[in-house]
Amino acid sequence: MNDAEMKRNYKYRNPIIQTIYTCDPAPMVYNDRVYLYTGHDEDGSTWFTMHEWRCYSSTDMVNWTDHGSPLHYSEFEWARGDAWAGQCIERNGKFYFYVPVNKKGGGMAIGVAVSDSPTGPFKDPLGHPLAETGKGDIDPTVFIDDDGQAYLYWGNPYLWYVKLNEDMISYDTKVGIVQVPLTEEGFGKRVGDSKRPTLYEEAPWFYKRNGLYYMVYAASGIPENIAYSTSTAPTGPWTYRGIIMPTQGTSFTNHPGVCDYKGRSYFFYHNGALPGGGGFTRSVCVEEFTYNPDGSFPTINMTTEGVAPVRNLNPYVRNEAETIAWSYGIRTEPCSQGGMNVCNVDDGDYIKVSSVDFGDMGAGKFTASVSSVSEGGRIELRLGSPDGELIGILDVPNTGDFGNWKSVSANTSQARGIHDLFFVFKGEGKDNLFKFDYWKFEEMKSE
Ligand code: FUB
């Protein structure tokens, strides 16, 4: 996609994050909400230049709220960089984020960071790696079985696991670090690479469904596809089951994350679809799928349509400006009022919020928290598209400072029913017009 396509492709739902490059998706369902942890490819990267992880969440699978960065590699005092693919899991109200980082002395190792909140901040409780073999310690995946035993798998080119102790920050040293036998029966046969005789490459995603254990992983070398193996036990033996997602998109890596939410199954992955995108500037996408009756995966292809909303958005409560289905031009940043806000708002940029349910009474008033150091600008409220029906215009004044937030309101025409809502930013051709933290509609009052 180029920049012009990005602007006009407001009907797309993939990639699900447009404000930065994201990769290595790891969904976690907690308290009726899907949290999505991702890596962050820095703009213009020509290598896996990644300093932090990012967190997003959604209750409808189409509008994603940006929670910023819950963890930076520098939290690990022993690390020097490479915030690569991680996964977070909840246990007894605490959140455990397993990640690979590059050690100060060199070489990747698996660390763990802990938080009381799914959005962080996460802290390193150990001050040293949780696990390392010295042989490709990347891409940890974690799962807690029904009997309470937690397993951590990881690795490229080898596949390792440990049985985590109940504290989730240590493992059973009597069992130690176990190397999974990468057999042809278990992981398929690779031709032409004597060092990697099976299809297994990296990025394992481990979980259980209906008594069957699944190992979904990046496979077949570069460029990667996504394949999977299953087992009737958490530690194998594994049976190779085939390719789920063929090699597609413009990223030579891919990385799976699978979850169920509201009775539907979702497959997260990454590609290079955003403008400037590619193997080191990737973007997370999601597809809905249905398991075959025998528990096997269907083939899942990358799409731009993505997934349908599983519920509508209520505009009559506070909504974060950084809750976004699709956006053009804008960025997000930590907000001086807490949380995140939308920034880099230039004339012509827009945000789409999907499936907004204005109800039968309809909206009568719109209020937003904004700040500006210039003469400000306008937020046009439109339905259906960036040039769709205009239901109101909010004038954003100069608030004197970007840190000086003001609540401003505008009357709106009586929008009723369910619509995609567009915030279209206007400012006579100017850049950096204002910042936008949150918004809310009020219902039209009955006479
Ligand atoms: O994002 C860096 C690396 O690329 C990950 O660790 C791999 O899974 C691949 O996606």
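This is a predicted model: local features need pLDDT of at least 70, side-chain atom pairs count only at pLDDT 80 or more; totals for chains, interfaces and linings use all residues.
**Entry 1: domains**

The assignment gives domain 1 as 18–289 and domain 2 as 319–443. I took the centres over C-alpha atoms and got 35 Å between domain 1 and domain 2. The contact draws on 12 residues of domain 1 and 14 residues of domain 2.

Next I wanted the area. Domain 1 and domain 2 bury about 1,100 Å² between them, and 46% of that is on carbon and sulfur atoms.

**Entry 2: what crosses the interface**

I looked for charged pairs across the interface of domain 1 and domain 2, and the rule finds one salt bridge there. For polar contacts between the two domains, I have nine residue pairs, with both partners at pLDDT 80 or more. On the side of domain 1 that touches domain 2, strand β4 (residues 64–66) gives the most, with three residues. By class, I sorted that side of domain 1 into three nonpolar, six polar and three charged residues.

I also noted a salt bridge between the side chains of Asp43 and Arg331, at 3.0 Å from N to O.

**Entry 3: salt bridges over the whole structure**

My search of the whole structure turned up 22 salt bridges. I followed up a few of them.

Lys123 pairs with Glu75, with 3.6 Å between the closest N and O atoms.

Asp146 and Lys208 form another salt bridge, the closest N and O atoms being 3.0 Å apart. Here the link runs from the loop between β10 and β11 (150–154), where I found Asp146, to strand β14 (residues 200–209), which holds Lys208; the two are 62 residues apart. Asp146 is exposed, with a relative accessible area of 69%, whereas Lys208 comes out as partly exposed at 23%.

Then I turned to Lys435 and Glu333, whose closest N and O atoms are 2.6 Å apart in a salt bridge. Both sit in strands: Lys435 in β32 (residues 435–443) and Glu333 in β24 (residues 331–334), so the pair ties together parts 102 residues apart in sequence. Is Lys435 buried or exposed? I get 13% relative accessible area for Lys435, which makes it buried because the cut-off is under 20%.

I also came across a network of salt bridges that links Arg190, Asp193, Arg196 and Glu201.

**Entry 4: Glu380**

I located Glu380 in strand β28 (residues 377–383). Glu380 counts as buried at 9% relative accessibility. What does the Glu380 side chain make a polar contact with? I found the side chain of Arg382, at 2.8 Å. Leaving out residues up to four places away in sequence, I listed what Glu380 touches: Leu390, Gly392, Ile393, Phe422, Phe423, Val424 and Lys426.

**Entry 5: Gly384**

Gly384 belongs to the loop between β28 and β29 (389–396). I have Gly384 down as partly exposed, with a relative accessible area of 41%. Beyond its neighbours within four places in sequence, I see Gly384 in contact with Tyr10, Asp420 and Phe422. I also took the C-alpha distance from Gly384 to Met1: the two are 383 residues apart in sequence and 22 Å apart in space.

**Entry 6: Gly86**

Last, I looked up Gly86, which is in the loop between β6 (79–81) and β7 (87–91). At 7% relative accessibility, I count Gly86 as buried. Which residues does Gly86 touch, not counting those up to four places away in sequence? My list has Ala26, Trp53, Phe97, Tyr98, Val99, Pro100 and Pro140. From Gly86 to Ile244 I get 21 Å, C-alpha to C-alpha, with 158 residues separating them in sequence.

Notes
Residues are numbered from 1 along each chain as its sequence is written. Side-chain values use heavy atoms; hydrogens and water are left out. Helices (H or I, at least four residues) and strands (E, at least two) are DSSP runs, numbered from the N terminus. Buried means under 20% relative accessible area, exposed over 50%, partly exposed in between (1.4 Å probe, protein chains only). A polar contact is a pair of N or O atoms within 3.5 Å; within protein, one must be able to donate a hydrogen and the other to accept it, and residues adjacent in sequence count only if both atoms are side-chain atoms. Contact means heavy atoms within 4.5 Å. Domain bounds come from an automatic or database domain assignment. Buried area is the accessible area (1.4 Å probe) that two parts lose on being put together, summed over both. A salt bridge is a side-chain nitrogen of Lys or Arg within 4 Å of a carboxyl oxygen of Asp or Glu. Ala, Val, Leu, Ile, Met, Phe, Trp, Tyr, Cys and Pro count as nonpolar, Asp, Glu, Lys and Arg as charged, and the others, Gly among them, as polar.
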